[in-house]
Amino acid sequence: MPINADGPQFRLDTDATSYWFRVSAFGHLEHVYYGPRLPGGPMEALALKHTATIGSTIAYDQSDLTYSLDVLPLEWSGSGYGDYRFAPIEARMPDGIFASDFAYVGHEIMPGSVGPQDGLPSAQGDPDACSTLRVDLVDEATGVRLELFWTVYDRADVITRRAVLINGATSSLTIRRLLSGMVDLPDRGFTMITFDGGWIKEAHRHDRVLAPGLSVNASTTGSSSNRHNPGFLLAERGATEDAGWVYGFNLIYSGNHLGAVELANHDLVRVGLGINDHCFEQTLAPGERFEAPEMIMTVSDAGLNGASHHFHDFINDHVVPRAWRHRPRPVLINSWEATFFDFTQKKLLALARQARDLGVELFVLDDGWFGKRDDDTAGLGDYDVNRKKLPNGLDGFGKQITDLGMGFGLWFEPEMVNEDSALFRAHPEWAVRAPGRRDTLGRNQLVLDLTNPDVQDYLIASVSRVLDEAPISYVKWDMNRHISVAYSPTLTEQGRFYHAYMLGLYRVLGAIFGPRPDILLETCSSGGNRFDLGMLCYGPQVWSSDDTDPVERLAIQGGLSYLYPPSCMGAHVSAAPHQQTLRPTPLSTRFNVAAFGVLGYELDLKNLGRLQLQEIREQIAFYKEHRDTLQFGRFSRLDARRPHQVGWQVVAPDGREAIAGFFQTLATASPGYDALRVVGLDPQRRYRVATRPQYLYLDRFGELIKHVLPVDLDPDGVVLRTAGKVYKLTDCVECYEGSGALLGAGVLLDNQFMGSNYNDQTRLLGDFGSSLYVIQEIDDEH
Ligand code: GLA
């Protein structure tokens with residue numbers, strides 16, 4: 001039983017963490033401790049002392065002048081009673097006054113998770129995995145009630161929180177902000193780490209040392225956004241990937257979010273997370289309730305990787321849909337970058353056949369299959385198959401794909417409409433736009449008004465119809481613009497728009513995919529513009545970014561990996577030079593990066609030579625052989641030994657194998673020695689480390705090829721070009737043995753190319769080079 005409520009004291013213990021709080025003399029919830037697991041003992045020693053009166057503070061009650069809400073570590077706070085820090089609630093209470101003061105009246109402990117009632121997604125756990133504490137509070141002056149929930153996941157070392165406000169008064173109240181939860185932590189010299197960016201540069205890590213005042217991580221675009229992922233970390237001073245206290249926070253929500261961290265007077269750090277109050281306003285009539293989405297938190301003393309591991313386990317075990325928990329994800333080919341809108345059935349089938357022959361398991365038909373969708377100016381909203389492109393219909397085409405032995409997947413963008421579409425002509429009032437205001441388009445499209453139940457019903461019916469008429473086993477659900485002029489004629493209060501949109505979307509997703517649990521849903525929003533835990537409750541993977549350049553992906557997937565496991569990240573091998581960065585990267589590196597995610601290919605295979613196709617065949621075979629490790633193993637980032645190098649690794653759930661990636665984004669002349677450290681292996685067991693063989697193409701070396709070939713050839717001549725199609729060099733393959741402890745200390749690798757001479761034990765990484773190492777336990781009996 002992880003929750004121990006001893007009188008008005010609460011001890012929420014997971015396997016590795018403890019979260020303690022208690023009810024203060026005046027009924028407030030006083031936070032006492034969040035950190036590595038404690039064996040028990042009295043709370044008093046840990047609790048913050050208030051033995052002196054502090055100047056410039058407001059006394060809550062004249063009976064104790066040392067008791068000021070402004071300097072107490074709290075689990076919840078209001079405004080108006082002397083706490084001037086950022087408040088999780090701002091509401092015009094039923095008496096018209098903005099002050100609120102919630103005090104404990106009771107609590108209940110329940111087995112398992114307890115989800116919200118209003119259609120918000122939430123994490124799920126059975127009674128053997130978690131228990132839930134609900135604490136009831138009341139604002140005595142008005143009778144407004146607040147229910148706070150903590151669900152404690154023992155093995156995952158994650159605690160979730162949410163808040164429900166109930167108007168128990170006889171007149172209305174208006175919520176202007178209601179976060180999911182807050183906590184005040186003693187400052188440990190925290191750095192706030194956020195994951196920010198934009199289109200094709202999502203989730204880049206940014207660190208800022210907390211300075212006094214508010215640091216905010218927020219979105220106002222209508223979705224969780226590629227600008228600022230809702231998840232963030234607080235790392236104590238000096239924390240590294242593997243050491244130091246790190247707190248992690250994230251939100252199970254896909255709309256506007258607000259993460260607020262305030263370094264306040266007297267070294268307390270307030271952390272609050274929930275729906276953004278931007279344009280938010282919601283009135284509650286007497287008896288009505290408002291539920292905030294669930295937030296998640298963790299802490300680890302094993303550094304940034306420690307916090308990430310907790311989140312990874314939690315997401316794989318308690319967030320993604322049950323039918324996809326630990327279920328292998330297929331290797332796919334996506335038609336988008338191969339053909340864009342310009343395809344015929346013949347072209348697609350040729351691509352699918354070629355992909356199937358390479359080992360690809362799922363063919364995904366992307367944008368362009370319906371309505372008048374020949375470019376991005378028309379057709380969104382009309383999900384009737386374009387028979388000019390697919391004369392046998394979707395059903396016929398899907399069957400041709402499944403007859404090849406592949407799964408068939410389809411792209412949709414249901415939340416959007418083009419003005420040039422039958423849907424818009426029939427229902428212009430279904431688009432988000434306001435009378436008397438200019439229409440604002442993004443990618444030539446308008447957003448459909450998902451706050452409107454008629455629109456929701458239409459989407460449920462039209463997408464379900466398509467899914468049932470063809471043999472579809474995968475859906476890519478896209479959303480390619482932000483919301484602007486948020487307005488719906490069906491809402492009485494426009495301050496509800498953004499949240500009502502999300503509730504509408506969640507209803508639509510639940511109604512479509514709930515009854516079809518075996519369809520693999522990959523969500524997308526111009527890449528990773530909605531990469532969040534809310535979407536992951538419906539679809540277990542998200543298209544991480546439209547940017548598939550592997551060097552960029554090191555930052556994108558690396559950033560996402562702090563918060564989300566590899567099993568959630570769609571990662572494709574595409575063409576080089578890359579379409580967004582013009583960077584030419586080796587096929588091996590494109591694969592080596594994508595292998596640390598859910599692997600796919602997104603390029604026109606017919607343009608590849610025999611050797612490249614053979615290399616892809618080998619990549620896919622390798623990925624399938626190690627799929628369980630790559631998708632569900634323990635992923636860690638390694639502290640880089642030098643700039644321009646990145647190390648990732650993943651250890652199999654049973655600890656018998658690991659895959660490590662060594663990536664170099666820029667070469668340096670005559671570099672120092674490189675080491676391969678593999679952490680998290682059993683220190684006693686013995687392992688063999690071997691480089692995964694990969695190809696080096698002759699054309700990469702131009703004139704330098706004379707150093708490795710016995711004959712002198714013109715680098716631009718026909719002979720070398722022809723030879724390059726047939727011959728390749730094999731990259732340096734290394735092999736070592738040692739205990740898990742030895743590998744944790746670091747194996748020193750063969751030299752990189754040092755500027756002269758070459759032999760087959762020289763690692764030819766150059767710019768953008770990389771290698772994968774396979775680490776396998778040596779079975780002594782053989
Ligand atoms: C978005 C997606 C892409 C692709 C296109 C199709 O940009 O992120 O992967 O599906 O839409 O229009």
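Modeller: Let us begin with a term: a polar contact is a pair of N or O atoms within 3.5 Å, where within protein one atom must be able to donate a hydrogen and the other to accept it, and residues adjacent in sequence count only if both atoms are side-chain atoms. This is a predicted model, in which local features need pLDDT of at least 70 and side-chain atom pairs count only at pLDDT 80 or more, while totals for chains, interfaces and linings use all residues. Residues are numbered from 1 along each chain as its sequence is written, and side-chain values use heavy atoms, with hydrogens and water left out.

Colleague: How do you know where domain 1 and domain 2 lie, and how far apart are their centres?

Modeller: The bounds come from an automatic or database domain assignment, which gives domain 1 as 3–319, domain 2 as 330–628 and domain 3 as 637–694 + 731–777. Taken over C-alpha atoms, the centres of domain 1 and domain 2 are 34 Å apart.

Colleague: What makes domain 1 and domain 2 neighbours in contact?

Modeller: With contact meaning heavy atoms within 4.5 Å, 51 residues of domain 1 touch 41 residues of domain 2. The two domains bury about 3800 Å² between them, 56% of it on carbon and sulfur atoms, where buried area is the accessible area (1.4 Å probe) that two parts lose on being put together, summed over both. On the side of domain 1, Ile200, Glu202 and Ser254 lose the most area to domain 2, together 14% of what that side buries. Between the two domains there are 24 residue pairs in polar contact, both partners being at pLDDT 80 or more.

Colleague: How many salt bridges cross the interface of domain 1 and domain 2?

Modeller: The rule finds zero there, although a search of the whole structure finds 49.

Colleague: Why is the pair of Asp126 and Arg322 called a salt bridge?

Modeller: A salt bridge is a side-chain nitrogen of Lys or Arg within 4 Å of a carboxyl oxygen of Asp or Glu, and the closest N and O atoms of Asp126 and Arg322 are 3.5 Å apart, so the pair meets that rule. Asp126 lies in the loop between strand 6 (102–111) and strand 7 (130–139) and Arg322 in the loop between helix 1 and strand 21, so the pair ties together parts 196 residues apart in sequence. Helices (H or I, at least four residues) and strands (E, at least two) are DSSP runs, numbered from the N terminus.
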